[in-house]
Amino acid sequence: MSAVLLHGSAEGGLRQRLRFGPLWLAAPGIAFLAVFFLYPVLRLLGLSVQDADTGAWTGEHYARIVDTGVYFRVLMGTFRIAGLTALFSLLLGYPLAYWLAQLPERRRGTMVLAVMVPFWTSYLVKTFAWMVILGRTGVIGGILSAGGLPRPEMLHNEFGVMVGMVHAMLPLAVLTMLPVMTGIDRRLVQAAETLGAAPGHAFWMVYFQLSLPGVAAAGLLTFISSLGFFIVPALLGGPQQTMLAQLIIIQIQEMLNWAFAGALATFMLTAALVTCWVYDRVFGLSTLSGEGGRRKKGGGPLRKAGQGVLSVLAAATAGAARLTQPILGERGHGRLPAIYSTLVLVFLVAPAVVVVPIAFTSSPFLDFPPPGYSLKWFEVYFGSDLWLGATLRSFGVAFATAVLATLVAGLAALALARSTSRWRGAIFALFLAPMIVPRIVIAVGLFYLFAQIGLVATDLGLVIGHTVLALPFAFVAIAAVVKGHDWRLDQAAATLGANRVQTLMRVTVPLIRGGLVAAFLFAFITSFDELTVAIFVSGGVKTTLPKQMWDDMILQLNPTLAAVSVVVFVIVMALLLIAERLRRSGR
Amino acid sequence: MLPSHGTAPPACKLLVDGLTKSYGTVVALQPTRLEVPAGEFLTLLGPSGSGKTTLLQMICGLVEPNGGRILIDGRDETRTPVHKRDIGLVFQHYALFPHLTVAENIGFPLRMRGVAAADLDRRVREALDMVHLGHLGDRFPKELSGGQQQRVALARCFVYQPSVILMDEPLGALDKKLREHMQYEIKRLHRETGATIIYVTHDQEEALAMSDRICLMNHARIEQIGTPHDIYARPKTAFAADFIGVSNIFRGTVQRDEGGRPILVTGGGRFRLSPAIGAAADAADGQGEASLIVRPEQLDLEGDGDNEVSGRVVDTVYAGSETRVLVALGDRSTITVRLRRGMSPPPLGDQVAVRWRSDAGVLVS
């Protein structure tokens, strides 16, 4: 490739423009996403405005959604649940992120693990845990009835869905807000206090405003992720809580109505994109990858109004503090955030812990506490060809996905870090897009494409689908490290006689190793946990572990699921701890 | 919390009494007493880790002392929360609020004090004009240069007329030229407002140029306090002499010669001391161990003077307004001599005689 560089500039014209610039490193990723992401999604949208038989343009599928009460109710219900999930995730998560941000760095690293664990725990495992906890014979019901109280209905209603959704989204909200908060210069709050601001004023007028980009990013990501959810509402909700993604699955799997599924997907995608657009107008999308906010000027009256609201909040805080101060005392006040944060962390971690004793139960039911202990459910798991085959397939697919995603994302991150091209922003957006477009939309689009080219029920199809989903995570992980890379070291290597490839292999890659390892593991876990693509693409005996769990959970809850959950949990935790260990030693 | 306007300012604006701070076994500040009269420009000068920033942060309330008191205008403010102390702090890296415009930054302390809108606008405008930034009120801090940001930080502090203004190495991030200009600006603001300013720096030239008094700190305590001239001309310790300006230090013992006159006996020779210097040495210490400190401008090449050392020229340093000659002595030490005006520097390697008068220099124990 250096040959192109050497001759390109001399010959001018077309060669000049095709000269080997760093941006070409992103080409494999762009091509991959164009074929396996952009094309299938656009094709699906195209299907939604075509008549299935004649291929003529039609709006009938959209008319059907609006006209049929059921569909419209689901649409509205989906927005409602997603909105409430985002809201509660922010309200619960903000104080926790605030508390984490002010801890000394070492201690924060340990505490953040308590958020990382539920973040990377499989949605299926988490949802299974809530079914155990909230069910009629579950943990809470058991405790209440032991106290002589009636067992409340907490499953298959809105309460169950909200608990499951908020629990699923809270880690994402906290982990998105945290980097923004740790980036806030604490001296600004001190400065505000020396200028006469009481602690409440200093918080609302300075800290809170500076943390807003993080809050908005967290709101955006949790809302969009919630829009495409189907695991939690399907297993913890009732018919009233049916969400859009469930409808799409039914349309494809039971009705084979591609066009109508496409129309439903369009609604979901449009909602996601509109949310992103609004966010981009206000904060700039680049804040998502921690590139630092872009500040819009002016906004006169709106800005003034916002500041006014915050002053009122500040005064209210000061008033509240005056009321509670005599009751709690200064010491008590200081401890409130720590107590609150501990409770939220317990809420985050507890479900995974509850599953463990169930996995060792001697009973064929999911009673809690178990009547006795045995290893028989692990024996069932390890004795089953179906379960072991699914586990092995998941491992293989995850490994291949991780290799592919790290390679493609790594090249792209290197390309974008050094590029000043006007295409930079667009390419950046393309690599983050699979995180923004709801998974169900990508999965259905890929299913349609794979059906045409014979990749359904193949491992290759799974790897391709999972790589699309894992790319944004791998890209962000590597981009974050590359951003801190000192490019003068590469220049130094060049002056010392290393060519481009030698520089890359001997200087750049060793220095960004931490990011590469993190990207590999994140991609691995993403694939290992993935259900949405697997539901469509892995069929029959070629099932993956999450797909097998999902089928079992729909059919009949049993303690084998708890045993499988423990196995999955242990594997993911081990990977996470390795990633964390490498990340720390990499510094 | 507002300063009592109208009444005559008390002689002592700020009194720090027995103030002390330690982190575990590390003592950040030994019990310290410091009096600052109203309107004074006092500089806390010292190497990093000498306790000057700790002292500053305790005065403004960001760090809680382990013991001692802080009195402002005679009121005990030791336990007053930061935001209720009538103190202004100019931060090392300015600490301008990035989400507020320049005008909003400057208006912030006034808003916190509930100043009415019309009055607030007028005072912000005045403060902006005072630092010559009248046209930049609507910009955000990020859009300003380092020097301009520094001016905003100053305006934000002066605008609410705090009793005492503390500055924590405010010019540390600026380049030399700009730093000298801002030194002049800060002195002008001090003159125009009559504010009491406590200024932290580790730059001795800055301290000499700006201060009414310098408080020299070392090893978590005050080494010497006095006017810049005082500290330069009459350092009380070898550290003070070494830290401020260039010093030549001769270590030895004070003795009497055959005629009963005081002399300093060193490894490099016997030096005469004037009767005044000798008397001071007698009064200070019976042991006789002492260091004679002589500034480069008190030394002379081939000139007159009743003390003499000889050595070899090892280097000459041209600094524009003056030239310094480095002379290596027999005992391997090197002394610095300022070349007399009009003299051409001696060639390297030349053997020269360096002389000074016996009444020049200071003797410290």
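Reply: Happy to. In chain B, the C-alpha centres of domain 1 and domain 2 lie 39 Å apart. Domain 1 covers 12–233 and domain 2 covers 246–364 in the domain assignment of chain B, and such bounds come from an automatic or database domain assignment.

A word on conventions. This is a predicted model, in which local features need pLDDT of at least 70 and side-chain atom pairs count only at pLDDT 80 or more, while totals for chains, interfaces and linings use all residues. Residues are numbered from 1 along each chain as its sequence is written, and chains are lettered from A and ligands numbered from 1 in the order in which they are written.

Now the sheet. Chain B has an open sheet of 5 strands in the order 15-19-16-17-18, with antiparallel pairing. Strand 15 and strand 18 (334–338) of chain B are at the edges with a single partner strand each, so one side of each has no neighbour in the sheet. Strands here are DSSP runs (E, at least two residues), helices are runs of H or I with at least four residues, and both are numbered from the N terminus; two strands pair if DSSP finds at least two bridges between them.

Let's follow strand 19 of chain B. Strand 15 (residues 300–301) of chain B runs antiparallel to strand 19 (residues 351–356) of chain B, joined by 2 bridges. Here D300(B) stands opposite R355(B). Strand 16 (residues 307–318) of chain B also pairs with strand 19 of chain B in the antiparallel sense, over 6 bridges, and S310(B) stands opposite A353(B).

Chain B averages 88, and 95% of its residues score at least 70. Among the elements of chain B, helix 9 (residues 275–284) has the lowest mean pLDDT, 70, and strand 3 (residues 41–45) the highest, 96. Over residues 1–9 of chain B the pLDDT is below 50. Where pLDDT is low, the predicted coordinates should not be read in detail. The model scores ipTM 0.76 and pTM 0.81.

Finally, the partner chain. The contact takes 17 residues from chain B and 16 residues from chain A, where two residues are in contact if their C-beta atoms, placed from the backbone, lie within 7 Å. On the side of chain B that touches chain A, strand 6 (87–90) and helix 2 (102–112) of chain B are the elements that give two or more residues.

Notes
pLDDT = per-residue confidence, 0-100.
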